[in-house]
Amino acid sequence: MNVILAVKQYVSKMIEGCGGGMKVLLMDKETTSIVSMVYAQSEILQKEVYLFERIDSPGRETMKHLNCIAFLRPTKENVELLAQELRIPKYGLYFIYFSNVISKQDVKILAEADDQEVVREVQEFYGDYIAVNPHLFSLNIVGCCQNLTWIPAHLSRTVQGLTSVLLSLKKCPMIRYQNSSEMARKLAESVRQVINKEAALFEFRKTDVAPVLLILDRRDDAVTPLLNQWTYQAMVHELLGINNNRINLANVPGITKDLQEVVLSAEHDEFYANNMYMNFGEIGSNIKELMEEFQKKSKSQAKVESIADMKAFVENYPQFKKMSGAVAKHVTVVGELSRLVGAHHLLEISETEQEIACQGDHSQLLQKIRSLLSSDKVRPVDMLRLVMLYALRYESHSNNDLSGLVEALRRRGVADEFRAMVQAILDYGGRKSRGSDLFGNQDPVAITKRLLKGLKGVENVYTQHKPLLQGVLDQLIKGKLKEATYPYLGTSQLKDRPQDVIVFIIGGCTYEEALAVHQLNRSTPGVRIVLGGTHVHNSKTFLQEVSQAVRGTLSVPHSR
């Protein structure tokens, strides 16, 4: 089960399906992102695709010598635009591929528009989602609900995205959902309706053990998206933001023009593929090794000890940049991460966050938080996150001093609308809205584990937190996931332990959870898990999600 491969195969089939000769690839805004995540432009150029156009861009040139591959989402707007295109065709022949199921009515509209008989084929290729990693997909929706219920357009898009994942992976699953979430039940039922309606599409070869689709709600674990991250991919997303594999470095001090926007794609960047799950310390030493290797080849004597040395080395040796553009790019990214960690005291903040999330002592933590709130070096967004984590963790603690911390935020000049986010996070993911034992307070096994962890000490204080999802999937794989909490939709149930699992989080997932899935896939032979969410969040987009869900607005404090 590999979502990148699934989408890549669809794109290859489209390009090969229209034969030789020069071609144009005609897409919409969303399919452009879908394709760019799995194919570099240079790779597509090698397949004789010389032009990339958007169907909604006005004034495109007529080029009858090119055949057109149209890859579009089956929306009303796209069908209208395509019908207009076919009435006055700009290209020779048209090979049309929709990223999801298209209605007979819409096909009829296109057939009636095709007076000049330029359409050679119309097909459905189910690449209707963003493939991020082989085991991770997203729908790029921030703010899928309002007043804690589905926004209808986002529910509809999520159903389309999720059913296209199932079709592209050739899975007709049993569905389980989080019982405490009305949104999860609604999505589960909507997916089941599509499977029943399009039964012929879902007739795949039966496997010994049926696949499972598990639908969860972000509200059950609002802690994970609030934490600072220390593995490479997650850290880049948290501190710089990854948008469809692109990172904007324009605000980095002294950045050269060619590095203002960089692409991080494990498909096309060997260093990134090997290091995306490594922690920050390991990445620095891995880059250093690569540079030392280059030094041997170029017989350079320059001292390369720190990240600052590495940056200086890259600037002074243009041939290194040419030979290893990828490493030069990573030196810049790691250098900026390092600068931000130092400038904003993120090690100290992160240690406190981890202690809150993993059962630190209340009175000691309260002192630590107060001390951080009084520091000039701590950004408002980090102060807010600490107070939100405290609010979630100590919601029912007898000596809870949340009002004192919110007052401290006010004194530090944090605006009213952002202080209101503390109450918003409780409305969104507080005790009343959770169906799980997020902090392991009720489960004797979890309490024992916690005590043992305390005795042994922790290998890495910055990565001791484990997302709730890890425990849920662990239970599911062992066949121990409670049916009362995660019921099956319908009467059939899985007798055996599951092998193929697609887990989807309404309200978005995180790279920390993707790492947990990656580790489970590696450590559990015979089990294959794919994770998806309405979005892949960092703390900034998560705060937008919460704000939209609770208050119906989209606003967050500036992080810089």
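How many salt bridges does the structure hold? The structure holds 32 of them, a salt bridge being a side-chain nitrogen of Lys or Arg within 4 Å of a carboxyl oxygen of Asp or Glu. Before the details, please note that this is a predicted model, in which local features need pLDDT of at least 70 and side-chain atom pairs count only at pLDDT 80 or more, while totals for chains, interfaces and linings use all residues. Residues are numbered from 1 along each chain as its sequence is written, and side-chain values use heavy atoms, with hydrogens and water left out.

I begin with Asp128 and Arg73, a salt bridge whose closest N and O atoms are 2.7 Å apart. Asp128 lies in the loop between β5 and β6, and Arg73 in the loop between β3 and α4, so the pair ties together parts that are 55 residues apart in sequence. Helices (H or I, at least four residues) and strands (E, at least two) are DSSP runs, numbered from the N terminus. Asp128 is buried at 0% relative accessible area, and Arg73 is buried at 5%; here buried means under 20%, exposed over 50%, and partly exposed in between, with a 1.4 Å probe and protein chains only.

A second pair, Arg410 and Glu407, also has its closest N and O atoms 2.7 Å apart. These two residues are 3 apart in helix α17, about one helical turn. Arg410 is partly exposed at 43%, and Glu407 is partly exposed at 29%. Elsewhere, salt bridges with shared partners join Glu238, Glu353, Arg379, Asp382 and Arg385 into one network.

Turning to cysteines, a search of the whole structure finds 0 disulfides, a disulfide being a pair of cysteine sulfur atoms within 2.5 Å. For Cys145, the nearest cysteine sulfur is that of Cys144, 4.9 Å away. Cys145 is buried, at 4% relative accessibility.
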